[in-house]
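Hi everyone, thanks for coming. Please have a look at the model on the screen, and then I'll walk you through a few places in it.

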Amino acid sequence: MKTESIAYQDGAVTLRGFLAYDDKKTGKQPGILVMPEAFGLGTHAKERAERLAALGYVALAGDPYGNGVEYTDLQEAIKQVGALREDPAKFRQRGRVALDKLASLPQVDPNRLAAVGYCMGGTFALELARDGAPLKGIVSFHGGLETQRPAAAGQVKAKILVCTGADDPFVPVAQVNALADEMTKAGVDWQIISYGGAVHSFTNPDAGKVGMPGIAYNKSADERSWKAMMAFFDEIFA
């Protein structure tokens with residue numbers, strides 16, 4: 001497997017993503033954009049990109065903040081997320097430039113793209129879909145589902161899979177139901193899987209280190225949601 005740091009631009013901001021792919025494969029492969037949690041591009045997203053590369057995909061873990069910055073303090077991360085999401089157009093653009101970089105790579109089939117994201121990254125994936133990005137599908141893992149710009153009818157090209165924790169205090173049932181209503185009205189092919197007993201960040205084995213109630217790893221939900229994503233990819237890339 002080949003892994004490398006890869007630079008791309010959003011205006012004057014230099015972003016540094018993490019690329020993983022099987023360099024023994026020939027021909028163009030599906031490309032998967034992996035957007036990370038609020039702390040920035042760290043071990044969790046990189047590990048997921050490597051797992052996807054081992055399955056034959058070209059995976060680019062995107063950089064949400066610039067220069068590969070990763071925050072360790074939750075309150076500082078929340079502050080940065082707030083600043084990033086303040087302007088919906090700029091937030092979507094930050095995801096778009098990562099997707100454009102992925103699509104431009106010689107190993108990638110630009111007609112077979114997907115985006116997945118964790119926590120804030122899941123919001124990135126959903127906003128890309130709402131923006132009409134050329135994606136076959138998106139997967140949100142314990143991502144925020146609210147938006148300032150709901151999907152318009154006919155605009156979303158991607159199929160949508162949302163994996164959420166039934167007990168996630170940051171993504172309550174009302175938010176989940178609102179997304180279902182939004183996507184139904186927009187004519188989107190969507191599915192939502194709610195995992196009993198799971199809270200926020202259920203895919204991240206280090207989630208408990210944050211030390212905040214409502215944020216914890218859940219091995220069962222992690223494994224089940226990964227399998228759900230694999231089945232989803234089999235469908236969208238068939």
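Let's begin at R130, setting aside its neighbours within four places in sequence: this residue is in contact (heavy atoms within 4.5 Å) with R92, L145, E146, T147, R149, A151, Q155, V156, L179, E182 and M183. Before I go on, a word on the source: this is a predicted model, where local features need pLDDT of at least 70, side-chain atom pairs count only at pLDDT 80 or more, and totals for chains, interfaces and linings use all residues. Residues are numbered from 1 along each chain as its sequence is written, and side-chain values use heavy atoms, with hydrogens and water left out.

Back to our arginine. R130 is found in helix α4; helices here are DSSP runs of H or I with at least four residues, strands are runs of E with at least two, and both are numbered from the N terminus. Is R130 buried or exposed? With a relative accessible area of 1%, R130 is buried, where buried means under 20%, exposed over 50%, and partly exposed in between, using a 1.4 Å probe and protein chains only. Its side chain also reaches the backbone oxygen of L145 at 2.8 Å. That is a polar contact: a pair of N or O atoms within 3.5 Å, where within protein one must be able to donate a hydrogen and the other to accept it, and residues adjacent in sequence count only if both atoms are side-chain atoms.

Now for the nonpolar core, meaning buried Ala, Val, Leu, Ile, Met, Phe, Trp, Tyr and Cys residues joined through side-chain atoms within 4.5 Å. The largest one has 47 residues, and those touching the most other members are L33, L102, M120, L126, L135, I138 and I160. Which helix gives the most to this core? Helix α4, residues 120-130, with 6 residues. Another core, of 31 residues, lies apart from it, and includes I32, C163, Y195 and F233.

Next, the sheet. Eight strands make an open sheet with mixed pairing, in the order β1-β2-β4-β3-β5-β6-β7-β8; two strands pair if DSSP finds at least two bridges between them. At the edges are β1 (2-10) and β8 (190-195), each pairing on one side only. β1 and β2 run antiparallel, joined by 9 bridges, and Q9 stands opposite T14 in β2. These two strands form a hairpin with 2 residues between them, and G11 in the turn has a positive phi of about 65 degrees. By contrast, β3 (29-35) and β5 (108-118) pair in the parallel sense over 6 bridges, with L33 opposite A115 in β5.

What lies across the strands? Helix α3, residues 88-104, lies across β1, β2, β3, β4 and β5, and runs at about 130 degrees to β1. For such angles, axes are lines fitted to C-alpha atoms, for helices over the stretch in contact, and angles run from 0 to 180 degrees between N-to-C directions. Among the buried residues of α3 are F91, R92 and L102. At the start of α3, a side-chain oxygen of D87 reaches to within 3.0 Å of the backbone nitrogen of A89.

Last stop: two loops. C119, between β5 and α4, has a positive phi of about 55 degrees although it is not a glycine. H142 lies in the loop between β6 and β7, and its phi is near 40 degrees. Both are buried: C119 at 8% relative accessible area, H142 at 0%.
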